[in-house]
Amino acid sequence: MLPFRRLPSTTVGQCFTLVRSFTGGITQWAKKAEQLESEEPAAEELPLTFVDDDAESTEAREARIAALRNKSRLLPQHRNMLHGVLPYEQSQSWIHDTVKYKRMMLGRYGIDGSKVDPRVCFPTKKEAYERAEYERVAFPFSLKQMMDANESERKARKAQIEAREAEVARKLEKLDQWTADLNARIAKKEAEARAAKERKDRLVEEVRRHFGFKVDPRDERFQEMLALKEREDRKKVKEAKRKEKEEKMMEKLQKKTAQLEADIEVPSGEKTKQ
């Protein structure tokens, strides 16, 4: 005898639920099959794909065929634009009634394709007047006046360029002289700097010789003696410059005197000859 095994209560409940749902499904399927067998198809009903060609007009047939051919899934207006046809047969927005839109459609699809009166392309009296007034204010000068002004401006610009080029050429001629003067000034400053350094070194050496021993340049005695030597040296330099200036003045006076004597001797010699 086989041993008896007890199943859990949850497992038994799930099995009964599964059997009940399966049985209910079979019952509903059987009822639906009986209902379909009992119903007979109506004699007048036709398949959806069937169309009576005799009862359908030619225009409707062409429209139906065109609809079947359209596989692009585009909107009608977009499909019309793709095939170069007016997008809308009737106005769909206030924009479609504006003059700008009508002009654009006329230019794109022509007179027959756009169904627009070509007279909208011409300005009205008000628009023509406003345009003429704008041109009168924006462009007050005639073509001849603008050409003359342009010619005058061109000549003035050319004269300015020529003057600038002449000035540059004139300065280039003096470039060598300016370079020589600059080098002379630089050499003079370098010579003055060297002379000042040599003078300072000479004064420092004189101060050291004065004391007879090595002295720190930061010492007060050294600084006082150095200042005294500098004052004496400046006096000597000043005196030398004064003498040099006097010598130059005497030389100029001698030259002028000799020139005056020469001028006086010439007329007297001419009188003697006469």
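A residue counts as buried when its relative accessible area is under 20%, as exposed when that area is over 50%, and as partly exposed in between. The legends below describe a predicted model.

**View 1. Arginine 154 in helix α6.** Arginine 154 belongs to helix α6, which covers residues 143-173. Because its relative accessible area is 40%, arginine 154 falls in the partly exposed class, a value that lies between the 20% and 50% limits. The side chain of arginine 154 is joined to that of glutamate 151 by a polar contact of 2.4 Å.

**View 2. The largest nonpolar core.** Six residues form the largest nonpolar core, namely Leu203, Val204, Val207, Phe222, Met225 and Leu226. Two helices, α7 (175-211) and α8 (220-273), each contribute at least two residues to this core.

**View 3. The largest pocket.** The largest pocket holds about 240 Å³ of space, and its lining consists of 14 residues. Those that lie nearest the pocket centre are Leu86, Ser91, His96, Ser114 and Val116. Sorted by class, the lining of this pocket comprises six nonpolar, four polar and four charged residues.

**View 4. The chain around these close-ups.** The protein chain contains eight helices and zero strands, so that, read from the N terminus on, its elements follow the order α-α-α-α-α-α-α-α, helices and strands being numbered from that terminus. Of the 274 residues in the protein chain, 8% are buried. Among the contacts in the protein chain with a separation of 6 or more, 22% are between residues 24 or more positions apart.

Methods:
Residues are numbered from 1 along each chain as its sequence is written. This is a predicted model: local features need pLDDT of at least 70, side-chain atom pairs count only at pLDDT 80 or more; totals for chains, interfaces and linings use all residues. Side-chain values use heavy atoms; hydrogens and water are left out. On a 1 Å grid over the protein atoms alone, a cavity is a set of points where a 1.4 Å probe fits but cannot get out, and a pocket is an open set with protein on both sides within 12 Å along at least five of seven lines; lining residues have an atom within 4 Å of a point. Grid points are joined across faces, edges and corners, and a volume is the space filled by probe spheres set on the points. Ala, Val, Leu, Ile, Met, Phe, Trp, Tyr, Cys and Pro count as nonpolar, Asp, Glu, Lys and Arg as charged, and the others, Gly among them, as polar. Helices (H or I, at least four residues) and strands (E, at least two) are DSSP runs, numbered from the N terminus. Buried means under 20% relative accessible area, exposed over 50%, partly exposed in between (1.4 Å probe, protein chains only). A polar contact is a pair of N or O atoms within 3.5 Å; within protein, one must be able to donate a hydrogen and the other to accept it, and residues adjacent in sequence count only if both atoms are side-chain atoms. A nonpolar core is a set of buried Ala, Val, Leu, Ile, Met, Phe, Trp, Tyr and Cys residues joined through side-chain atoms within 4.5 Å. Contact means heavy atoms within 4.5 Å.
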